[in-house]
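Please look over the sequence and the structure shown below before reading on.

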Amino acid sequence: MEYNVMFKIWGIFFLYVLSTQATALTKLEIGFNEGKTIRKAHDDAPANLLWVVQMSDIHISKWTPERGKALRKSLGHALKLIKPSLVWVTGDLTDAKNKDRTATRQDEAEWIEYWDSFQQIADDSGLPIEFFFDMRGNHDKYGVPLFSPLEYFSKYSISGHLNRHNLVQNITILGGDGRKHLFVGMDDAMHIGLRGPSNLFGHPTDASLTELDHQLSQWDHDTSHPVTKIVFGHFPMSFTTSTETGKRPEEIFAKHNISAYVCGHLHTVFGRHLYKHHKLLLPEYNRVGQFWEWEMGDWRVSRMMRIMATDNGHTSFVDVELIPPKDKSDQKFVMPTIILPTFPLNSVTMLQDSTKILPSDPIKVLVFSETPPVWVKARILDGKSRTLNVVEEISMQLVENKSGDNSDGGPYYYQAAWDSAKYADNYASRYWLEIILEEVNGGITISEPRPFSVNGHSGHFRLTWLGYLVMGFRWETLYPFLLWGIVGFILSLLVIPMVFKFQLENRGLHEEWIMSVFRPAPDFRTSIFKVVKVPFWVVLENARNMYIWALLLVYVMYLVFLPWFSGRVLADDFPIGHLSLWGWSVKPSNSTSVNQISGLGVPDIMGIVLPYLYAVLFPLILMLSALSAERAACEYHIAMAGRCSQSGCNLSPWVSVSPPTYETDDVDARLSEEETASVLPSNLEAVSKRRCESQSEGELETLLLDRKIEQQNGYCSLCNRCVRKGLFVGCLAITFLHWRLLSSLLSAYGSTALVTTPLFAWTVPALIVFSIIQTSPIRPISVAGHEN
């Protein structure tokens with residue numbers, strides 16, 4: 001009895017602790033270590049120089065084994081030549097996708113391969129494993145709930161093995177000249193790991209940004225030596241959300257004047273130079289803060305890595321793609337000879353107006369190669385005439401490292417004195433620096449030309465239009481405008497025409513307004529007005545078809561307020577989640593103390609919501625309106641043809657009625673008196689109506705008389721309904737897009753959506769079929785426009 005009481009007490013205590021921890025993790029109130037990690041740079045490095053390596057988006061996949069093989073065979077040797085003081089892997093360590101790349105879920109085998117690979121890389125490179133840092137990307141959190149053993153990062157990552165469990169990691173590397181180089185990693189992957197494609201953005205919290213601020217300021221009180229600050233992360237700022245209270249990482253970066261924020265995530269899909277200069281006004285400090293954001297390519301496809309150097313606090317970098325092997329069966333990629341000028345800085349990617357070149361400042365460059373170059377020269381190029389012309393060529397001298405031995409290959413540091421004053425110019429991109437060297441095998445390697453400014457002026461960096469699309473603005477801010485803008489526009493397409501229709505009918509102007517659409521424009525001004533009037537008439541005809549209009553309105557209201565579909569957005573053994581315009585509603589833990597949470601995955605769900613609203617729902621409304629308008633045009637055409645033939649009016653371009661003419665020498669073209677009588681205005685409407693009704697029943701018109709009527713009178717050009725056939729093609733395209741999006745969601749979250757949310761699955765094709773049936777028969781109407 002006493003044991004039962006004790007067990008109950010301990011059980012209650014355990015549930016209380018578990019509930020407290022669940023609430024804390026749900027809110028991400030995670031503690032951080034206060035300790036500082038400091039170590040010295042390589043002894044071989046010059047006192048004022050330090051360089052590190054960044055890699056991103058490795059995507060270890062058991063379905064693509066060559067990716068891991070290339071990593072193990074190539075990276076260790078490359079790092080042995082580079083000899084960095086730090087290697088940072090910025091997210092998406094594993095692929096976490098099935099063989100068909102349609103579903104996302106964690107695979108322990110991929111994580112084991114990742115850990116084994118970097119153990120081998122550390123051994124091959126000669127770098128201690130402590131030199132490696134890694135962090136989560138969105139792929140590393142796919143389908144990972146709270147308190148789940150699927151959190152393989154803690155078990156198989158480098159940071160996990162070294163007990164670096166905090167969301168914000170930092171290390172300070174002390175240079176030979178006493179300068180501190182503070183490197184901070186920010187892990188802001190979604191804390192409740194929804195499956196893709198609902199997991200696209202970084203989600204920092206107030207707690208993590210507070211810790212980020214704390215770690216970036218840890219050396220501010222020590223003014224004896226300067227500090228260079230660089231932050232690593234996975235998500236670009238354009239794909240990072242604000243915290244619960246609206247705080248942003250950019251505010252902290254600008255406050256501390258970091259040199260750069262470097263990240264990955266976008267691969268090379270949108271370009272290889274996705275950079276952005278951030279300049280923020282800080283009212284509380286009465287100054288302007290600035291920093292650069294440099295996204296880099298991926299290892300997954302491009303086999304890319306970045307070498308970043310700081311020379312007397314000046315930060316420069318070069319992105320390197322390893323050379324693929326000639327024999328495709330060999331997975332060893334070769335590191336090319338790498339040239340990294342460290343001074344003067346690239347005037348386009350340096351901090352604005354921050355680095356003036358003194359007469360005593362030499363040209364400095366790092367060379368990474370298997371063997372020392374035969375010679376290295378610096379070329380000064382003049383781009384005044386929009387073509388780069390060589391102005392001066394300067395021989396560079398090797399600076400011996402402290403060890404004095406580069407027999408095993410590695411970095412070579414060169415300097416050259418020059419008269420920098422000759423190249424002073426207010427235009428920051430007039431003069432360019434190019435490094436050229438000869439290798440031992442006789443090959444010539446030339447670096448990419450970089451503009452420089454002696455006066456410290458910064459050049460203008462321009463993104464491509466595709467790069468600006470992903471880096472130029474915050475998608476978190478743009479998403480509500482894109483979402484509610486299209487929702488409001490769709491509702492206006494339904495509501496405004498209906499209100500306008502009632503207003504016309506109440507004033508008795510409906511028939512006159514409709515007929516004005518068919519009348520030819522007498523002047524240019526009226527033609528311009530008709531460009532707006534005709535499209536509005538199309539949606540007005542949709543409002544006149546009450547059944548279709550009401551079904552569309554109900555479906556739009558359903559999409560706005562109710563769940564679209566349900567699926568397994570977390571692990572397979574978790575309850576299904578429900579997606580609406582307001583985000584996912586899920587139960588993030590199997591613990592009974594954690595309730596269902598709503599509003600997750602915003603704005604991540606934009607990859608689902610926006611394509612559906614813009615590419616399916618909006619075209620659907622236009623297409624169904626066009627079906628109604630096409631039938632109405634044919635009805636009015638038929639009704640007005642006979643009347644206009646009597647009155648002599650012209651309804652061009654749709655109606656053109658003229659008396660029949662015949663070629664006297666064309667016997668076959670002549671009509672008999674009975675046939676001619678049928679063309680008279682008194683019988684014209686009956687003939688056209690018979691023809692259109694027979695077509696609506698699917699019968700082909702083969703009568704010679706009716707064909708001659710069409711040819712001679714130009715009458716009933718709409719009633720062949722060729723426009724309708726074109727609209728059928730559009731309906732098929734919309735149906736295809738709907739099912740394509742639905743099938744991708746079923747592959748990602750399971751087939752439960754077909755059963756649990758049939759409205760989302762079946763409404764679009766059902767509406768299209770219903771509308772085609774509704775608009776198929778031609779209704780006889782009077783000349784005034786009322787139905788008979």
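Strand E22 and strand E23 (residues 577-580) run antiparallel and are joined by three bridges, where helices (H or I, at least four residues) and strands (E, at least two) are DSSP runs numbered from the N terminus, and two strands pair if DSSP finds at least two bridges between them. Within this pair, Phe 565 stands opposite Leu 579 in E23. The model is a predicted one, in which local features need pLDDT of at least 70 and side-chain atom pairs count only at pLDDT 80 or more, while totals for chains, interfaces and linings use all residues. Residues are numbered from 1 along each chain as its sequence is written, and side-chain values use heavy atoms, with hydrogens and water left out.

Both strands belong to an open sheet of four strands, ordered E22-E23-E24-E25, with antiparallel pairing. Strand E22 (565-567) and strand E25 (597-600) stand at its edges with a single partner strand each, so one side of each is left without a neighbour in the sheet. From one strand to the next the twist averages 25°, with axes taken as lines fitted to C-alpha atoms, for helices over the stretch in contact, and angles running from 0 to 180 degrees between N-to-C directions.

## A seven-stranded sheet

Another open sheet has seven strands in the order E1-E5-E6-E7-E8-E10-E9, and its pairing is mixed. Its edge strands, each pairing on one side only, are strand E1 (38-40) and strand E9 (275-282). Neighbouring strands here are turned against each other by 25° on average, direction ignored.

Inside this sheet, strand E8 (residues 260-263) pairs with strand E10 (residues 287-295) in the parallel sense over four bridges, and the bridge partner of Cys 263 in E10 is Glu 295. Helix H6 (residues 206-216) packs on the sheet, touching strand E5 (168-174), strand E6 (180-186) and strand E7 (227-233), and its direction makes about 170° with that of E6; contact means heavy atoms within 4.5 Å.

## Buried elements

All six of the six residues of strand E13 (residues 338-343) are buried, so this strand is largely enclosed by the rest of the structure; buried means under 20% relative accessible area, exposed over 50%, and partly exposed in between (1.4 Å probe, protein chains only). E13 runs antiparallel to strand E14 (residues 363-369), to which five bridges join it, and Leu 340 stands opposite Leu 366 in E14.

Helix H10 (residues 510-518) is likewise largely enclosed by the rest of the structure, because seven of its nine residues are buried; among them are Trp 513 and Phe 518.

His 59, in the loop between strand E2 (49-55) and helix H2 (65-82), counts as buried at 1% relative accessibility. Leaving aside residues up to four places away in sequence, His 59 touches several residues, including Asp 92, His 139, His 267 and Arg 300.

## A helix pair

Helix H17 (residues 722-749) has 28 residues, which at 1.5 Å a residue should span 40 Å, and its end C-alpha atoms are 41 Å apart, which agrees; the expected span is 1.5 Å times one less than the number of residues. Just after H17, Gly 750 takes a positive phi of about 100°.

The axes of H17 and helix H19 (residues 758-774) come within 9 Å and cross at roughly 170°. That makes the two helices roughly antiparallel, a term for angles over 145 degrees, whereas those under 35 count as roughly parallel, 65 to 115 as roughly perpendicular and the rest as oblique.
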